[in-house]
Amino acid sequence: MIKALFEYQFLQNAFFAGILASVVCGIIGVIIVEKKLVMMSGGIAHTSYGGVGLGYLMGFEPIIGAFLFAICAALGIGYIKRKGGARSDVVIGLFWSLGMALGILFIALMPGYPPDLSSYLFGSILSVTKSDLYLMISITLIVILVIVSLYSYWKAYLFDEEFALIIGLKTAFMEYLLLVLVAMTVVVLIRVVGIILVLALLTAPAATAGMLTSNLKNRMLYAILFGIVFCLAGLWISYALNIASGAAIVFIAVMCYFLFYIVHTFFLKLNRKSIAAATGKS
Amino acid sequence: MTNTAVHINNLSVYYGQTPALTGVCLDVADGDYLGIIGPNGGGKSTLLKAILGLVPVSEGTVQIYGKSPGKSRALVGYVPQFAAMDRRFPITLLEVVLTGRLKQGLTPFRFTAKDKEIAHELLERVGIGSLANRQIAKLSGGEFQKMLIARALAVNPRLLLLDEPTASVDAVSRDQIYGLLAELNQNMTIILVTHDLLAISSQVHRLACLNGRLVYHGEPELTGNIVNNLYGCPVDLIAHGVPHRVLKEHGEGNQID
């Protein structure tokens, strides 16, 4: 595959797309896992399907439509959650379904044969274009800039939002900003693993990294590395076996998480037993 | 300069249609040490949140050193109930205390050597300086509570609000926390919410009893009548020789601690 990587442009695009997706996943994934925003991220991802449908119907780039819908969903869910009066899981569920329904309706309204949407639903890293890459690079740079430059604020906000508000941080703004970053991350991931599989790539590297280190910064770095390994391994399997790339990446990511979980739990129990034995002896 | 730290006038707070506090009038003098007791749901934490400006006030006013809560945040340190916090979050004690040194607004920011020095000093002051680089997941309840006090002090407050700082900590840590608060009271006003009915009288200068409204505000000596009026039924302060509150007229299993 390495020889092919130097030969074919589509493989080079896929390689860089995997790296970029891993970077945003590593950073935003750790934050959403710690902030317990996994289902909200799922809601944002699935709502973006409406934008894909609108893009096809109106004749503009579907990924731009997905981006706009994801941003609207992020801000809408965030606003209703903050204003209260409705349970956030209900709101997430409704946005989730509405986005999917709108996508289906927009496609149905198109004249002629409907387009194949499987690359948006399940990802198609091997069909990433140069323009996709430019969009992914821009979004990745924005995510890195926002998180790194305000890292101390993010840490305070993630650990104790109430205290962050008391000391005068603009927590409402930070929440909306975070949700917009999640929406942007989702857009990067749609081309790699697709709308339906986004959650796995957002959570698996972050959760796996969480078993290895208790330092937030290191957790993000480990999650990026795991993401790169999962994406490149999935890409290689997809190329070698000629199977769906998104599904291969997600399968490897989830299996690695479970493998780490089993090993981690085993060593945790072993450690507890040895401590108990040492305590018993003394 | 006003010598009233907190001025609360006819304060009412509602959660939806449910009143949490009604018609509370309370003044706390600068340098005072006020203890607030009351049953669960009596509005103690809500009162602290009203002072902090975290809950919408339905009626009345709250002033901190003559300013509205929103404009007096730099003057107030807050120690929340630690049971509600995520103790598995990947962060060290030092990093937690440093969050108290963050500047308002959202501009790129790095902690200075002075910030770190202050954070270390505060951890030493609360007695957990040697644990500065330990993850919070590895702390005991008492250590966690002391860390939250250090974080509140990092703001350099004139008024310190504490919500049940001795809940779920052992007797040694509880005594250490009370000792620390007495020392801090020499330089700052303290409002302490607690369920620790036995210890409160000997610790604070004044006492307020809340049960949706202000039932009592005055000297800290806690009489049976005050407690019975507050909880709405007769209460024993001692059970099995330890400071528990037990509803006298209820059967076994109705202990409310």
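In helix H7 of chain A, the buried residues are Asp132(A), Leu135(A), Met136(A), Ile139(A), Thr140(A), Val143(A) and Ile147(A). When the helix is viewed down its axis, these buried residues of H7(A) fall within an arc of 130°, and they therefore line one face of the helix. This description, like those that follow, rests on a predicted model. In general, an α-helix has 3.6 residues a turn, so residues three or four places apart point the same way.

The face of H7(A) turned away from the buried side carries exposed residues, namely Lys130(A), Ser131(A), Tyr134(A), Ser138(A), Leu141(A) and Leu145(A). Helix H7(A) itself covers residues 130–149, and its 20 residues reach 28 Å from the first C-alpha to the last, close to the 28 Å expected at 1.5 Å a residue.

Chain B, for its part, has a secondary structure of seven helices and 11 strands, and 41% of its 257 residues count as buried. Among the contacts in chain B with a separation of 6 or more, 63% are between residues 24 or more positions apart.

The contact between the two chains takes 21 residues from chain A and 22 residues from chain B. On the side of chain B that touches chain A, helix H2 (residues 93–99) of chain B gives the most, with three residues. By class, this side of chain B has 16 nonpolar residues, together with four polar and two charged ones.

Notes
Residues are numbered from 1 along each chain as its sequence is written. Chains are lettered from A and ligands numbered from 1 in the order in which they are written. This is a predicted model: local features need pLDDT of at least 70, side-chain atom pairs count only at pLDDT 80 or more; totals for chains, interfaces and linings use all residues. Two residues are in contact if their C-beta atoms, placed from the backbone, lie within 7 Å. Helices (H or I, at least four residues) and strands (E, at least two) are DSSP runs, numbered from the N terminus. Ala, Val, Leu, Ile, Met, Phe, Trp, Tyr, Cys and Pro count as nonpolar, Asp, Glu, Lys and Arg as charged, and the others, Gly among them, as polar. A residue is buried if 20 or more other C-beta atoms lie within 10 Å of its own, exposed if 12 or fewer, and partly exposed in between; C-beta atoms are placed from the backbone. The expected span of a helix is 1.5 Å times one less than its number of residues. The arc is that of the directions from the helix axis to the C-beta atoms.
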